[in-house]
Amino acid sequence: MRANRQPVTSVESPTSGHPLPQPLRPSPPGPRTTGGGAVAFEPVAAPPPTDLELPMGPRTRLYRFFEALPAAISFTAVGLVFVLPFVDAMLGAVYVLSIVGLMFVRAMFGAIDVARGFLRYRRSARVDWAARLTDLERALDGRPSLSHPRGGFCAADHAALVAKVSADPTSIMRPSTLLHAVVVAAFNEPYPVIADTIRTLLHTSTKPEQLLVFFAYEERGGPAMAETARRLEAEYGHRFGAFVLVEHPAGLPDEIAGKGANITYAGHRLAEWVRDEAIDPRRVIVTSLDCDNIPHESYFDCVAYEYATAPDRERLSFQPISLYITNIWDVPAPSRVVASANCFWNLTTTVRRLALRNFASHAQPLTALVEMGFWSKRTIVEDGHQYWRSWFHFDGDYRVVPIHVPIFQDAVQAGTFRATMIAQFKQLSRWSYGASDVPYVGVRVFAPAARAPFWPGVLRFFSLLEGHVSLASISIIIAIGGWIPFVVATQTGQASSLVERMPMTVGIVQQIGMIGLIVSIVVFNALLPPRPIHVPRERRVTMWLQWLLYPLTLLVFNSSTALYSQWCLLTGRYRERFDVTEKMAGGRSN
């Protein structure tokens with residue numbers, strides 16, 4: 001394999017003069033013979049279907065209806081807290097209590113699922129996935145497994161799989177033939193942050209020769225970013241199977257400048273490189289990483305295990321657990337609380353198959369990515385949107401496989417407290433703009449010529465809509481809902497025993513709900529890395545006191561950012577700029 005080789009096929013952008021990657025030419029499936037007699041493979045790729053992309057410019061009336069729907073429901077849900085007590089105080093009280101009761105039940109189930117997700121993570125992280133891949137290799141060769149510990153996560157399933165492979169070697173792919181393409185996206189981050197990520201790739205349980213690193217950096221990052229890229233190539237490029245620099249030109253047409261456009265540009269380069277190197281694209285699994293991501297040492301082996309053993313592997317994606325704890329000891333308390341909530345959600349979704357979606361870093365086969373034109377170039381939330389893009393491309397025959405080992409990420413940290421809070425708000429605003437998927441899904445599910453299965457699509461649509469409405473409105477309703485009916489009823493003479501007890505009732509439910517938060521606190525403290533030497537011992541006390549900020553933080557950040565994003569969609573003020581979260585060379589990098 002020739003490392004650092006640059007793709008040779010390009011054209012120029014009619015507007016910028018920069019080279020644009022060419023889409024792979026359609027070719028018959030299977031092998032082709034090169035001039036030297038070697039067998040090569042070409043991805044089977046028609047031009048990417050245009051109906052997978054998000055619209056730019058004017059929308060149809062139906063699309064505008066679905067764009068306005070999340071905001072209409074969210075603002076109505078909050079408004080009813082104020083309106084219903086004037087109509088009937090009892091009706092207002094019942095409305096609030098129904099929501100509080102529903103959220104209490106969900107909080108209890110959430111606490112259980114956080115604990116389940118954490119236990120699966122701990123058990124999976126202790127597994128020697130490289131040894132399990134060796135078991136499969138030896139079974140393919142008709143040899144017995146080597147001696148190593150047989151217990152642990154899904155041990156019985158693994159033993160059954162080894163027996164199956166011994167009986168039918170054609171049932172899986174050979175794991176040793178797999179390659180991991182790692183697309184690392186960067187904008188203008190400092191060298192120490194990016195170098196940390198590249199170094200950790202060298203120290204996973206997967207051989208560096210099986211890792212193809214495509215460093216996707218922005219021309220908008222300027223000369224400093226280009227120099228960082230060259231420095232990374234000089235220091236680390238020779239240690240991987242390939243290390244290719246891909247500069248994403250600024251100002252390309254038909255895209256929003258951001259991560260999605262950047263990694264898609266790099267994805268086309270990757271596809272060309274694979275073709276030029278005569279590599280079977282079915283052997284290549286693509287993982288997208290932010291430049292501050294630290295994969296668990298077993299991550300690539302765990303993905304290879306799931307991919308090699310799945311019969312429908314080309315219609316799968318693989319979702320690790322995103323844990324925002326790398327620099328957790330260094331960030332302010334509100335950022336720690338937000339990071340913990342993100343950790344809880346990611347642990348929870350790994351045990352909820354219907355709720356599991358693509359988020360942050362994830363892996364997908366190269367063949368599928370080529371077929372669908374990689375990621376969206378027109379959204380600031382390409383990770384979550386990739387689930388819907390894939391689901392509709394495969395007409396509903398698509399699912400996300402949980403990878404119960406983490407990819408560690410940084411919590412938001414931007415120097416001063418004020419700058420960090422602004423950066424935190426921008427990050428959550430970008431994430432909550434995932435509400436833009438509601439119209440994308442709605443018009444495809446309810447279209448007369450929809451190809452995806454209708455009822456599974458309807459179920460997913462309402463789950464998506466409910467999630468964004470709850471994120472925007474529930475914290476506000478719980479925070480103020482207990483008092484509004486009480487105040488209105490006492491002023492209008494509609495007071496009843498139920499209404500008079502509303503503030504106390506809601507308070508009691510919230511206190512009981514603290515049981516769920518306590519479970520989450522215990523899990524979070526178990527996730528914490530060791531306290532760095534430069535962090536004072538007193539910080540451990542604030543790690544406990546920070547939970548007093550939990551309700552306020554969710555209210556200020558989650559609800560406000562979600563309402564803001566939905567308001568942008570309602571009013572047609574589309575977000576077409578990717579606000580990059582500032583990354584610092586903090587305690588872990590120094």
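The secondary structure of the protein amounts to 19 helices and 12 strands. The model is a predicted one. Of its 590 residues, 55% count as buried. Among contacts between residues at least 6 apart in sequence, 81% join residues at least 24 apart.

**Packing of H3 and H8**

Helix H3, residues 129-140, packs with helix H8, residues 299-309, at an angle of about 30 degrees, and the two axes are 8 Å apart. That angle makes H3 roughly parallel to H8, angles under 35 degrees being counted in this way. The crossing of the two helices is left-handed. On the H3 side the contact is made by Trp129, Ala130, Arg132, Leu133 and Leu136, and on the H8 side by Asp301, Cys302, Ala304, Tyr305 and Thr309. By class, this contact has 7 nonpolar, 1 polar and 2 charged residues.

**Aromatic pairs**

A pair of aromatic rings is described by the distance of the centres and the angle of the planes. The structure holds 28 aromatic pairs, and two of these are set out in the table.

| Pair | Centre to centre | Angle between planes | Class |
|---|---|---|---|
| Tyrosine 307 and phenylalanine 318 | 6.2 Å | 75 degrees | edge-to-face |
| Tyrosine 324 and tryptophan 431 | 5.8 Å | 55 degrees | tilted |

The pair of tyrosine 307 and phenylalanine 318 is edge-to-face because its planes stand at 75 degrees, over the cut-off of 60 degrees. Tyrosine 307 lies in helix H8 and phenylalanine 318 in strand S10, residues 316-323, so the pair ties together parts that are 11 residues apart in sequence. Tyrosine 307 counts as buried, at 0% relative accessibility. Phenylalanine 318 also counts as buried, at 0% relative accessibility.

The pair of tyrosine 324 and tryptophan 431 links distant parts of the chain, the two residues being 107 residues apart. Tyrosine 324 is in the loop between S10 and helix H9 (333-349), whereas tryptophan 431 is in helix H12, residues 417-432. Tyrosine 324 has a relative accessible area of 4% and is therefore buried, while tryptophan 431, with a relative accessible area of 22%, is partly exposed.

Elsewhere, ring pairs link Phe65, Phe66, Phe446, Phe454, Trp455, Phe461 and Phe462 into a cluster.

Tyrosine 121 lies in helix H2, residues 89-125. At 10% relative accessibility, tyrosine 121 counts as buried, the cut-off for this class being under 20%. Leaving aside residues up to four places away in sequence, tyrosine 121 touches Ile321, Leu323, Leu347, His404, Pro406, Phe408 and Leu527. The C-alpha atoms of tyrosine 121 and isoleucine 403 are 8.7 Å apart in space, although the two residues are 282 residues apart in sequence.

**Aspartates with positive phi**

Most residues other than glycine have a negative phi. Aspartate 254, by contrast, has a positive phi, near 65 degrees. Its place is in the loop between strand S7 (242-248) and helix H7 (259-276). Aspartate 254 counts as partly exposed, at 41% relative accessibility.

Aspartate 395, likewise not a glycine, has a positive phi of about 55 degrees. This residue is found in the loop between helix H11 (382-393) and strand S12 (399-408). With a relative accessible area of 33%, aspartate 395 is partly exposed.

Terms used. Residues numbered from 1 in each chain as written. Predicted model: local features only at pLDDT ≥ 70, side-chain atom pairs only at ≥ 80, totals over all residues. Heavy atoms only, no water. Axes fitted to C-alpha atoms, helices over the stretch in contact; angles between N-to-C directions. Helix = DSSP H or I, 4+ residues; strand = E, 2+ residues; numbered from the N terminus. Parallel < 35°, antiparallel > 145°, perpendicular 65-115°, else oblique. Left-handed = near helix turned anticlockwise from the far one by under 90°. Contact = heavy atoms within 4.5 Å. Nonpolar A, V, L, I, M, F, W, Y, C, P; charged D, E, K, R; others polar. Phe/Tyr/Trp six-rings, centres within 6.5 Å; stacked < 30°, edge-to-face > 60°. Buried < 20%, exposed > 50% of the residue type's maximum accessible area, 1.4 Å probe, protein only.
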